[in-house]
Amino acid sequence: MSDNHTKEQRSYNMSRIRSTDTAPEEKVRKWLHSKGFRYRKNVNSLPGKPDIVLRKYKAIIFVHGCFWHKHDCGRFRLPQTNTDYWKKKITRNVERDKEVSTLLQTDGWRVFTVWECQLKKDSFEKTMEHLRLDLLNG
Ligand SMILES: [Zn+2]
């Protein structure tokens, strides 16, 4: 396997992709806040450091990028370069997602996943309204 990326390059690339990944999280948080939901974010003490934690509703929301978490929506495509590296990395992410979800559910949390592609302009309101009802109907 060839991997021409240096560590520095890679972490630079990752940080660039990561920073664009925070936009969907913020979008979800803002919406929740505007509807009166109060949450904590990036909770270190819980498995998977959840993006959004609503204790009152015993609910956890992960906002997942379709690429990083391999959503089967058609937006996921392995890069043509460093394919092995990405394959391993993404597979690990997916495995970790499953583990984290199981751990949280065992602790009595309800775990919701919102996908990046569901937050596009045309589907955002529908996605969030659906989530709101799920939260309230706990
Ligand atoms: Zn998707």
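Cysteine 117 counts as buried at 13% relative accessibility, where buried denotes under 20% relative accessible area, exposed over 50%, and partly exposed the range in between (1.4 Å probe, protein chains only). The structure is a predicted model, in which local features need pLDDT of at least 70 and side-chain atom pairs count only at pLDDT 80 or more, while totals for chains, interfaces and linings use all residues. Residues are numbered from 1 along each chain as its sequence is written, and side-chain values use heavy atoms, with hydrogens and water left out.

The SG atom of Cys117 takes part in coordinating the zinc ion, together with Cys66 (SG), His71 (ND1) and Cys73 (SG), at 2.0 to 2.4 Å; donors are N, O and S atoms within 2.8 Å of the metal (3.2 Å for Na, K and Ca), and sites may look incomplete because water is not among the atoms. Along the chain, the donors of the zinc ion follow the spacing C-x4-H-x1-C-x43-C. The angles among the four donor atoms run from 99 to 122 degrees, and the site is tetrahedral, a label given to four donors if all angles lie between 85 and 135 degrees. For comparison, the ideal angle for four tetrahedral donors is 109.5 degrees. A search of the whole structure finds zero disulfides, a disulfide being a pair of cysteine sulfur atoms within 2.5 Å.

When neighbours within four places in sequence are left aside, valine 28 is in contact (heavy atoms within 4.5 Å) with Ile52, Val63, Val114, Leu119 and Met128.

Three salt bridges are counted, each defined as a side-chain nitrogen of Lys or Arg within 4 Å of a carboxyl oxygen of Asp or Glu. Arginine 29, which is buried with a relative accessible area of 3%, forms a salt bridge with glutamate 25, the closest N and O atoms being 3.4 Å apart, and another with glutamate 26, for which the corresponding separation is 2.8 Å. Glutamate 25 is four residues from arginine 29 in helix H1, and the two are therefore separated by about one helical turn. In helix H3, the side chains of arginine 132 and glutamate 129 meet in a salt bridge (2.8 Å, N to O), and both arginine 132, at 24% relative accessibility, and glutamate 129, at 30%, count as partly exposed. Salt bridges that share partners join Glu25, Glu26 and Arg29 into one network.

Conventions:
Four donors count as tetrahedral if all angles lie between 85 and 135 degrees; four count as square planar and six as octahedral if opposite donors are over 155 degrees apart and all others between 65 and 115; anything else is irregular.
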